Every structure is written in C-alpha cells, then in structure tokens.
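I opened this model to look up a helix crossing, a loop residue and a pair of strands. My notes follow the display.

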Amino acid sequence: MDFNEVVKTRRSVRGAYEKKEVDKEILDELFKCVQYAPSWKNSQTGRYYVAKSDEAAKKLRNAIAPFNRNNSENATLIATTFVTNRAGFEKDGTPTNEAGNCWGAYDLGLQAMVLCLKAKEMGLDTLIMGIRDAGAIKETFNIPDDEMVMSVIAVGYSDAEPAMPPRKELSEVVKYL
C-alpha cells in the first residue's frame, strides 16, 4: 500500500476488533518504526506501556472511559507517555520558549501518528483514546513521576471499514501569505 493510500484509509476503529492477539514481534516492528519519528533535539521522550498480560489489560481497560472499553474490546492496549521537562527545555531546566512541555506532547503526537499509519500498513487498525484515568494508568505500569500519561491506543485486527468523516475545505485550514 502506498503512503497516500495508508493515510486516506486509516480510520479510528471503534468496537470491531477481532479476538486475535497482536504478537509481540509485530508490536516490536511497529515500535521500531515509531522510533524514527522526529523529536525535539532528538530527545526521544515518548514511552509506551503495552498491556500484554490479562491482569494489566484488565486494569488498563478499567482506566479508560466506559464507552471506549467497548470500543476497544479485543484490541491490544498501549498507554502512551512522555518524559516531562526535557523536550522544549534547556539543559539547566528552563523552557526554551513559551510552549515548554507542549513540545513533549507534540513529539508524542508525531510518534502516535507514525504508530497509527504503520499499523494500517501492517493490516492493523487503531483507536486513540484520550479520556483516561492517568493516576490508575501510572499505578498499573509503575510509571515514573516525570512521565505524563497522554493517551491509550487500541491496536488490533478489524474487518470494519468505517466511513471517512468529511474533511474541511483546504481554504479553511491553509493560509498562503
């Protein structure tokens, strides 16, 4: 599948995942690709916590909104975080500009998009979920205090083909000066 096709066919899949495990080798291939996403001064602050055991999966599933528990049933769940106070900061700890930790979130967003597109290329589907209990996720995975939980991403096999929502006109999102 060429890049344009991957981008145009990738959708958030809700509630249509097959009961089929995503093997660790496939996840490793996915994460190896994610590592090539750009980051502030190559800081690579994104972190991923994969709920592979039944116990971890149950705890993580309970840390997301009830409707997303149903939307992500049978998928592998991945909690995403970034190390704070590194991307967007100088070595002495001062923010480089007014965005501060937004740069860590920005970098993690780039990585999440690479993850979703690579997953699609590999025949997997995804759903990014931002309504979550960060405290419960930190406890489940023993996430350090210097990491901020951003999202949970469902990754799995689906035969659903959700319709593409309408896109805004280019003139609404692009301004040429």
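This is a predicted model: local features need pLDDT of at least 70, side-chain atom pairs count only at pLDDT 80 or more; totals for chains, interfaces and linings use all residues.

Residues are numbered from 1 along each chain as its sequence is written, and side-chain values use heavy atoms, without hydrogens and water.

**Helix crossing.** I looked up helix H2 (residues 24-34) and helix H5 (residues 102-121). Their axes come within 9 Å and cross at roughly 135°. That makes H2 oblique to H5 (angles under 35 degrees count as roughly parallel, over 145 as roughly antiparallel, 65 to 115 as roughly perpendicular, the rest as oblique). H2 brings Glu-29, Leu-30, Phe-31, Cys-33 and Val-34 to the contact, and H5 brings Gln-111, Val-114, Leu-115, Lys-118 and Ala-119. Contact means heavy atoms within 4.5 Å. I find 7 nonpolar, 1 polar and 2 charged residues in this contact.

**Loop residue.** Next I checked Ala-37, in the loop between H2 and strand E1 (46-51). Ala-37 is buried, with a relative accessible area of 10% (buried means under 20%, exposed over 50%, partly exposed in between, with a 1.4 Å probe and protein chains only). Leaving out residues up to four places away in sequence, Ala-37 touches Leu-110, Gln-111 and Val-114. Ala-37 and Gly-109 are 72 residues apart in sequence, yet 9.7 Å apart in space, C-alpha to C-alpha.

**Strands.** Last, I turned to strand E3 (residues 125-129). Of its 5 residues, 4 are buried. E3 runs antiparallel to strand E4 (residues 147-156), joined by 5 bridges. Thr-126 stands opposite Val-155 in E4.

Notes
Axes are lines fitted to C-alpha atoms, for helices over the stretch in contact, and angles run from 0 to 180 degrees between N-to-C directions. Helices (H or I, at least four residues) and strands (E, at least two) are DSSP runs, numbered from the N terminus. Ala, Val, Leu, Ile, Met, Phe, Trp, Tyr, Cys and Pro count as nonpolar, Asp, Glu, Lys and Arg as charged, and the others, Gly among them, as polar. Two strands pair if DSSP finds at least two bridges between them.
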